[in-house]
Amino acid sequence: MATSSGSSLLLSTLFLHSPPSSSRISNGSFFNPSPRSISLYPIRSKRCLRILSKLPLDDTENNDNTLLQRLSAVKPFLLLCTSVALSFSLFAASPAVESAAAFVVSTPRKLQTDELATVRLFQENTPSVVYITNLAVRQDAFTLDVLEVPQGSGSGFVWDKQGHIVTNYHVIRGASDLRVTLADQSTYDAKVVGFDQDKDVAVLRIEAPKDKLRPIPVGVSADLLVGQKVFAIGNPFGLDHTLTTGVISGLRREISSAATGRPIQDVIQTDAAINPGNSGGPLLDSSGTLIGINTAIYSPSGASSGVGFSIPVDTVGGIVDQLVRFGKVTRPILGIKFAPDQSVEQLGVSGVLVLDAPPSGPAGKAGLQSTKRDGYGRLILGDIITSVNGTKVTNGSDLYRILDQCKVGDEVTVEVLRGDHKEKISVTLEPKPDET
């Protein structure tokens, strides 16, 4: 508004500084007897208009000369008025421009409701996510000095106020020392409380002030649905506290443990971007509660391909409780080695083929027979397990799933195919030898 007023005053000043030429006066194009004469060259000064209105508008040379004389008389006064008005308009416009600019800068960013919820979720859960550095001892080939060098990194999260940190076992595997970096960039040495190689879960502990430890809210994974939103927070490629979003793409998937190859059941599949460095980080639902641990991706290149897997929190919770209390997970075994599923399929049978049942193990004590060769080198198949406690067993995953529901000391009924007939054998489950 002020700039427009200043421009009109400036046009009036230019007009007053440029008196009309004689040619324009003589041909009558400057002043015309018609009422359109004033609108042709507008003059913004009301005083000048009052002067002009008193003149008779006829096309005579005397009147034109008289008009010019009167204009010359009032010209200094009009120049003074327009200069003052222009200066005032510029002065008034300057604070307005500055205040407008300040208003634009200070205007808060407007976010949608779902964006605000995502921002709040990240801000509330970021303090619970940690960065884990895996250090290994290396000896310099020339000086023979022993050095600690980082050999990997991953993510984790605070489990409780006692300083327990939960992550994947493959994040800490082979480490001589471990360091945990909290959200405020404070770093602490970590000790391994225990780990479960079969489920790829590990628990660390740090000596940090309790006011710096914010345990992550633990949810439930039993009632998850395909399509609901999920959020992954981690440190991909060393970029700390990165948030990615997606949905649950599938449920009850099965992957193999990176350490032992033992299948992990009921895994959550998500399309939230999970990259190297995200391992061990939390997978959250829309309310900000933990529903899984990001553990693996399906990708030929090693980068995110939209197929990520998380261990469900219902599985993790029981493992962490045992590790915190006893430092180990006591998982029952049959004490056998069995053939790959493809080999059994080639034989045209369904079940688990026993390759070896050591006499000192539970299955060997119960009388299960191993696969062996006779004196002529011919292969004699061992027992083929077809069911346990009445539940059909078609492959190794079925057997592991049944054993995960049992405890050490339980007596199970194993049905086997021996030759051309079936037998039922009672076996008392025992813990793994290295866990006693």
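Biologist: In which helix is leucine 116 found?

Modeller: Leucine 116 belongs to helix H6, residues 113-125, where helices (H or I, at least four residues) and strands (E, at least two) are DSSP runs numbered from the N terminus. The model is predicted, so local features need pLDDT of at least 70 and side-chain atom pairs count only at pLDDT 80 or more, whereas totals for chains, interfaces and linings use all residues. Residues are numbered from 1 along each chain as its sequence is written, and side-chain values use heavy atoms, with hydrogens and water left out.

Biologist: Why is leucine 116 called partly exposed?

Modeller: Buried means under 20% relative accessible area, exposed means over 50%, and partly exposed lies in between (1.4 Å probe, protein chains only). Leucine 116 has a relative accessible area of 38%, and is therefore partly exposed.

Biologist: Which residues form a nonpolar patch on the surface?

Modeller: Leu111, Leu116 and Val119 form that patch, with about 210 Å² of accessible area together. Patches are made of residues with over 30% relative accessible area and no salt bridge, like charges being joined within 9 Å and nonpolar side chains (Val, Leu, Ile, Met, Phe, Trp, Tyr) within 5 Å.

Biologist: What makes the contact of lysine 212 and aspartate 184 a salt bridge?

Modeller: The term requires a side-chain nitrogen of Lys or Arg within 4 Å of a carboxyl oxygen of Asp or Glu; the N to O distance for lysine 212 and aspartate 184 is 3.4 Å, and the pair therefore qualifies. Lysine 212 lies in the loop between strands E6 (201-206) and E7 (229-234) and aspartate 184 in the loop between strands E4 (177-181) and E5 (187-196), so the pair ties together parts 28 residues apart in sequence.

Biologist: How do you know whether aspartate 198 and arginine 262, which also meet in a salt bridge, are buried or exposed?

Modeller: Aspartate 198 has a relative accessible area of 5% and is therefore buried, and arginine 262, at 6%, is buried as well. Their side chains meet at 3.4 Å, N to O.

Biologist: What makes lysine 199 and aspartate 404 a salt bridge, and where do the two residues lie?

Modeller: Their closest N and O atoms are 3.0 Å apart, and they form a salt bridge. Lysine 199 sits in the loop between E5 and E6 and aspartate 404 in helix H11 (residues 396-404), so that the pair links parts of the chain 205 residues apart. Salt bridges that share partners join Asp196, Asp198, Lys199, Arg262, Arg331 and Asp404 into one network.

How values were computed
Accessible areas come from the Shrake-Rupley method with a 1.4 Å probe; for residues, only the protein chains shown count as cover.
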